[in-house]
Amino acid sequence: MSTRLWLGIALAVLLVLPLVLPVFFLVLAIEIAIVALFATSFNLLMGYGGMVSFGHAAYFALGAYTAALLVKKAGVPMLLALPVAPVVAGLAALGFGYFIVRLTHTYFAMLSLAFGQIVYTIIFKWTPLTGGDNGLLNVWPPAFLRSQIAYYYFTLVVVGLSLLALHAIVSSPFGYALRAIRENPRRARYIGVNVRRHQLYAFALSGVFSGIAGGIFAFYNGSVFPDFAYFNKSFEPLVVVLLGGMQSFLGPLAGAFGFKVLEWLISKWAPIYWPLFLGAVVIAVIVVLPRGFVGLAEGWRWRARPATGK
Amino acid sequence: MDTITGLFPWITNGPLLAVQVLSGLSVGMFLFLVSVGMSLIFGVTRIVNLAHGSFYMVGAYLMVSLMEVLPDRPWAFWLALLVAPLGVAALGAVIEMTLLRLIYHRDPLMQLIMTFGLLLVIGTLVLLVWGPDNKSVSRPDILAGSVKVFGQPFPSYYLLVLGLAPATAIALWLVFYRTRWGMLIRAATVDREMLGALGVNVAALYTQVFAFGSWLAGFGGALAAPTVAVALGMDADVLTTAFVVVVVGGLGSFAGSFISALLVGELQSFGILVFPAISIVLIFALMAVVLIVRPWGLLGRPEE
């Protein structure tokens with residue numbers, strides 16, 4: 001019950017935010033929401049499935065490019081183009097995932113990186129369709145979503161519904177089977193779980209939600225670039241999940257908030273230090289804070305409780 | 001046949017083909033120096049070092065600085081080529097002793113992310129030290145020109161590369177298979193705990209191996225400096241390619257790295273000729289095929 005209460009308060013705060021916050025912070029809030037969705041979809045693999053993709057930017061970019069291309073080249077209205085983004089990203093994830101989930105650990109990460117770089121190169125080189133290095137410009141939402149406040153609410157609704165769907169997925173029998181596979185694949189198979197199929201579906205679902213994040217980012221940004229698919233971008237959800245903590249559903253949300261606020265502060269102060277700072281934070285988190293911000297908070301709560309004795 | 005020669009007129013041009021093969025070989029040699037170090041480090045420490053491209057980049061930048069500092073004499077280049085990789089080895093040793101040592105017992109994933117953090121940190125530090133502009137290193141006078149190979153001009157500096165890299169490969173083989181230290185390294189790739197139990201100082205061995213792997217990357221970077229624009233971003237470029245080489249050859253396999261470096265070098269060299277637009281895709285496609293058909297690489301061992 002208290003969780004619901006907190007969620008209700010958070011929702012209320014998010015809804016009245018545009019009334020009190022300057023436009024700049026709304027823009028930041030939109031970015032946080034999109035990164036949070038991208039990272040949560042990534043965490044379905046990493047946190048729940050124990051699978052680490054190094055090429056997840058590919059599905060984000062496929063979502064962004066699908067939506068942008070439909071609007072720019074085919075003249076499809078944005079609200080019809082957007083639902084196609086997760087379909088294309090999900091199908092690509094299903095196709096690539098078929099091969100990727102056959103591997104484990106390091107090799108899994110590397111094959112996902114290889115497919116990611118292939119997607120990047122195709123986007124980068126297929127200039128007649130994708131605009132190559134110049135990307136696709138002027139990808140704006142229709143007039144009624146053009147203002148930052150309108151797009152903020154739109155993002156809030158889409159990201160909110162997606163997060164609810166992801167939460168339903170991880171709370172379903174499928175989600176528990178996925179955790180079982182993470183903990184012990186051999187035992188999971190022994191009790192009758194089809195390990196590869198579960199992993200493949202998780203991979204595809206993760207691609208679907210990354211595609212949604214990419215799609216809404218395209219219209220927020222007003223343009224799409226090949227960089228969206230580059231392997232540096234693939235590390236973004238990884239760092240966010242790491243910061244927030246992968247053991248909890250809300251971890252990536254906390255991570256996205258911390259990541260974006262830090263990025264904003266540092267980019268304002270000295271943009272060239274951002275990668276240095278990001279790298280240093282990643283190293284520090286791994287060394288001293290293996291469970292992320294959420295782990296830290298839980299640690300405090302646990303310590304605050306009186307010892308029960310055993 | 002007519003259509004093939006029509007599409008690819010160079011296919012009947014023997015000398016051009018030969019030069020293309022040679023330039024592919026020299027690309028492969030740089031790749032070998034970087035990837036064999038990466039593979040060696042993985043073999044012993046089980047860490048896939050994403051900062052390995054950064055060591056290559058630092059090697060090239062140190063070469064730039066040394067050439068500026070040293071007097072303009074013929075021996076300056078050779079001295080710089082000797083000193084720059086040593087600087088990189090020292091950097092590698094410091095990183096191993098201060099950071100990597102803390103995470104050997106951790107999840108491989110955390111190790112990967114840690115080395116990615118190093119990639120970001122080193123990249124920014126290089127930007128702060130050397131600035132954003134591209135640098136260049138001039139070739140030593142005796143290797144500045146070009147020689148005729150089958151009537152085609154071929155830069156003579158690449159002859160040095162074609163000579164030095166196989167020499168390095170042979171030296172490495174001798175080190176691995178004919179010295180006590182090499183035997184310890186091979187033993188560490190098989191069973192680290194047993195090695196420790198037999199009284200070998202495994203921690204020191206790890207530092208040495210990491211420094212040696214860094215030296216190889218730094219040597220590759222220093223040697224490559226006169227052939228490329230020394231620029232930020234060369235870390236990521238060489239990392240992705242070296243990554244493919246290591247995976248295709250088999251993580252931890254010395255001979256695999258050599259064969260696969262040559263393969264990838266030739267693929268790049270001919271890829272640009274045949275499919276200029278998608279030559280980069282070719283090597284990733286190669287990696288994908290190898291990982292699907294033979295996930296442990298051409299000469300690697302299957303994962304346990």
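In the predicted model, B:Val147 has B:Phe154 of strand β2(B) as its bridge partner. The two strands concerned, β1 (residues 146–149) and β2 (residues 152–155) of chain B, pair in the antiparallel sense over 4 bridges; pairing requires that DSSP finds at least two bridges between two strands. Strands are DSSP runs of E with at least two residues and helices are runs of H or I with at least four, numbered from the N terminus. The hairpin of β1(B) and β2(B) has 2 residues between the strands, and B:Phe150 takes a positive phi near 50° there.

Turning to chain A, helices α2 (residues 23–48) and α10 (residues 195–221) pack at an angle of about 170°, with their axes 8 Å apart. Because angles over 145 degrees count as roughly antiparallel, α2(A) and α10(A) are roughly antiparallel to each other. Among the residues that make the contact are A:Ile34 and A:Phe38 of α2(A) and A:Phe209 and A:Ile216 of α10(A), contact meaning C-beta atoms, placed from the backbone, within 7 Å. The contact residues divide into 16 nonpolar, 3 polar and no charged.

Between the chains, 31 residues of chain A are in contact with 33 residues of chain B. On the side of chain A that touches chain B, α5 (105–125), α11 (231–244) and α13 (274–288) each supply at least two residues, and the largest share, 13 residues, comes from α5(A). This side of chain A divides into 24 nonpolar, 6 polar and 1 charged, where Ala, Val, Leu, Ile, Met, Phe, Trp, Tyr, Cys and Pro count as nonpolar, Asp, Glu, Lys and Arg as charged, and the others, Gly among them, as polar.

Residues are numbered from 1 along each chain as its sequence is written, and chains are lettered from A in the order in which they are written. As this is a predicted model, local features need pLDDT of at least 70 and side-chain atom pairs count only at pLDDT 80 or more, while totals for chains, interfaces and linings use all residues.

Definitions and conventions. Axes are lines fitted to C-alpha atoms, for helices over the stretch in contact, and angles run from 0 to 180 degrees between N-to-C directions. Angles under 35 degrees count as roughly parallel, over 145 as roughly antiparallel, 65 to 115 as roughly perpendicular and the rest as oblique. Two residues are in contact if their C-beta atoms, placed from the backbone, lie within 7 Å.
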